[in-house]
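Welcome, and thanks for taking a look at this one.

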Amino acid sequence: MSTQHLRFVPAGLLAVAALGLPLTVPDFLLFEFSIAVSYGIAVLGLNLLLGFTGQICLAQGALFGVGAYTTAILNVNFGWDPVATLPVSAIVTGSVGVLLGLPALRLQGLQLAIITFGVACAFPQLLLKMDGLTGGVTGLATDQPFAPKWFAGSQEAWLYGLTLICAAVSVLIVRRLLRGDTGRLMRAVRDNPVIAEAMGINLVKGRLAAFAVSSALAGLGGGLFCILNGFISPQSFLPMKSIDILIGGIVGGITSIAGAFIGAVFVVFVPGVTTDISPALGGLIYGLCLIGMMMVARQGIAGLRIDKLKAAVPGTLKFKVLSRMPGALPGQLGGE
């Protein structure tokens, strides 16, 4: 196995583990993993925006809520099948993301972070004001797609399969975007926008496209979240939701596709585990876990695993030594 192939190992292990879950865990845990996958799709969108394009957004939780409420409104008020609402949720949230990305054309860094977090803070209040459409504080109860008669598994397994299909489609879209000219455009915008613009790259289109795709993925995850829970309310999308999604991206690996789902599992399960250990000190233990993770895995969990595997591959040390030689070119050394 070469070092170039090692980057696929976390994704492969994650896929095997995901497919084997219905055979190894009870239904209530399978439901929790389904919720984690829905979060993972939103984290994947943030990874695309922040990790590969360099645009910060602290409104991912609000966009997650836009997708959830789009699914709920279409189902409750217009009688749509819940599954049929998912593409619409992604499109609507992607359109909202384009509007949210307009400040990114002039602002960067902390200023953009504050603006987007302001959107996350205002979103629950906006839902309360639009109670005629959103149900206000009482929320909306939605239908769940029932497993067909030919399906031998449980209802939870059926919904878990639905989330995996949506996750697979999301991963394929992101992988397709990161390949070729589109991926190089995103990385150029992230690394040095001035040079990228001098080379003829349209920064406006690049940034707005990144916001649109990232938001669409958040909306798809939010629609799944609504279907899985069967009920949503403004309390489900408080500003902390955006922080949780950001934590998931950083802990899993902000430049890793597999890391998005690893981080989502972390933010869904670890807070509950720490609370079970000590209800009074659950927040403290969770905070210490985050500090420990960042001390051990600075590039996220996915990055930690890749580094360990690379260290075990024969010839890696030689590659590192040669790469430091003056005049050495990556192409001559079989660089990553």
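## Overall picture

Of the 336 residues in the chain, 46% count as buried, where buried means under 20% relative accessible area, exposed over 50% and partly exposed in between, with a 1.4 Å probe and protein chains only. The chain has 16 helices and two strands; these are DSSP runs numbered from the N terminus, with helices being H or I of at least four residues and strands being E of at least two. Contacts here are heavy atoms within 4.5 Å. Among the contacts in the chain with a separation of 6 or more, 75% are between residues 24 or more positions apart.

A word on the ground rules: this is a predicted model, so local features need pLDDT of at least 70 and side-chain atom pairs count only at pLDDT 80 or more, while totals for chains, interfaces and linings use all residues. Residues are numbered from 1 along each chain as its sequence is written, and side-chain values use heavy atoms, with hydrogens and water left out.

## Two helix pairs

Start with helix H12 (residues 257-277) and helix H13 (residues 282-296), which pack at an angle of about 130° with their axes 8 Å apart. Axes are lines fitted to C-alpha atoms, for helices over the stretch in contact, and angles run from 0 to 180 degrees between N-to-C directions. H12 is therefore oblique to H13; angles under 35 degrees count as roughly parallel, over 145 as roughly antiparallel, 65 to 115 as roughly perpendicular and the rest as oblique. The crossing of H12 and H13 is right-handed, meaning that the near helix is turned clockwise from the far one by less than a right angle, with anticlockwise giving left-handed. On the H12 side the contact includes Phe266, Val267 and Val270, and on the H13 side Ile285, Tyr286 and Leu290 are among the residues involved. The residues of this contact divide into ten nonpolar, three polar and no charged. Ala, Val, Leu, Ile, Met, Phe, Trp, Tyr, Cys and Pro count as nonpolar, Asp, Glu, Lys and Arg as charged, and the others, Gly among them, as polar.

The second pair is H2 and helix H7 (residues 155-178), whose axes come within 9 Å and cross at roughly 15°. That makes H2 roughly parallel to H7, and their crossing is left-handed. By class, the H2 contact with H7 has 17 nonpolar, three polar and two charged residues.

## Buried loop residues

Thr53 lies in the loop between helix H2 (27-51) and helix H3 (60-78) and is buried, at 1% relative accessible area. Not counting residues up to four places away in sequence, Thr53 touches Leu48, Met186, Val189, Arg190 and Ala210.

Thr142 sits in the loop between strand E1 (140-141) and H7, buried with a relative accessible area of 12%. Leaving aside neighbours within four places in sequence, its contacts include Ala72, Cys226 and Phe231. Ser256, in the loop between helix H11 (240-252) and H12, counts as buried at 16% relative accessibility. Beyond four places in sequence, Ser256 touches Asn47, Phe52 and Ala302.

## Cysteines
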